[in-house]
Amino acid sequence: MSTEIMIRYALVFFLPTIYLYMLATFVFARSYHLKIAKLVTAFLLCGAVGFTFDFVRVLAPTEYNSMLHLFIVLPLVNLG
């Protein structure tokens, strides 16, 4: 893959990931004592990890793409 394509993939996948991690940290730090805040933080982190694994899926060999997408990315992103 060329460098330009890798930069585009990194921007597409890591900007939402960084945003979700920051949002989860903010919610968790502000409302630590509330159970709903912990639940929202868990869902945000699931979405962030899903985006991260989606980037890994793009870099993986073709024979593993569908398995990674079906068993890791889809459940995490749907939870998020």
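Which hand does the crossing of helix 1 and helix 2 have, left-handed or right-handed? In this predicted model, the crossing of the two helices is left-handed.

**Packing of helix 1 and helix 2**

- Helix 1 and helix 2 pack with their axes 8 Å apart, at an angle of about 165 degrees.
- Because angles over 145 degrees count as roughly antiparallel, helix 1 is roughly antiparallel to helix 2.
- Sorted by class, the residues in the contact of helix 1 with helix 2 comprise 22 nonpolar, four polar and two charged ones.

- Arg8 forms a salt bridge with Glu4, and their closest N and O atoms are 2.8 Å apart.
- Both Arg8 and Glu4 belong to helix 1, which covers residues 3–30; the two are four residues apart, or about one turn of the helix.
- Arg8 has a relative accessibility of 53% and therefore counts as exposed, the cut-off being over 50%.
- Glu4, at 49% relative accessibility, counts as partly exposed.

- A salt bridge joins the side chains of Arg57 and Asp54, with an N to O distance of 2.8 Å.
- Arg57 and Asp54 are separated by about one helical turn, because they stand three residues apart in helix 2 (residues 35–59).
- Asp54 has a relative accessible area of 13% and is therefore buried, since buried means under 20%.

Technical notes: Residues are numbered from 1 along each chain as its sequence is written. This is a predicted model: local features need pLDDT of at least 70, side-chain atom pairs count only at pLDDT 80 or more; totals for chains, interfaces and linings use all residues. Side-chain values use heavy atoms; hydrogens and water are left out. A salt bridge is a side-chain nitrogen of Lys or Arg within 4 Å of a carboxyl oxygen of Asp or Glu. Buried means under 20% relative accessible area, exposed over 50%, partly exposed in between (1.4 Å probe, protein chains only). Axes are lines fitted to C-alpha atoms, for helices over the stretch in contact, and angles run from 0 to 180 degrees between N-to-C directions. Angles under 35 degrees count as roughly parallel, over 145 as roughly antiparallel, 65 to 115 as roughly perpendicular and the rest as oblique. A crossing is left-handed if the near helix is turned anticlockwise from the far one by less than a right angle, and right-handed if clockwise. Ala, Val, Leu, Ile, Met, Phe, Trp, Tyr, Cys and Pro count as nonpolar, Asp, Glu, Lys and Arg as charged, and the others, Gly among them, as polar.
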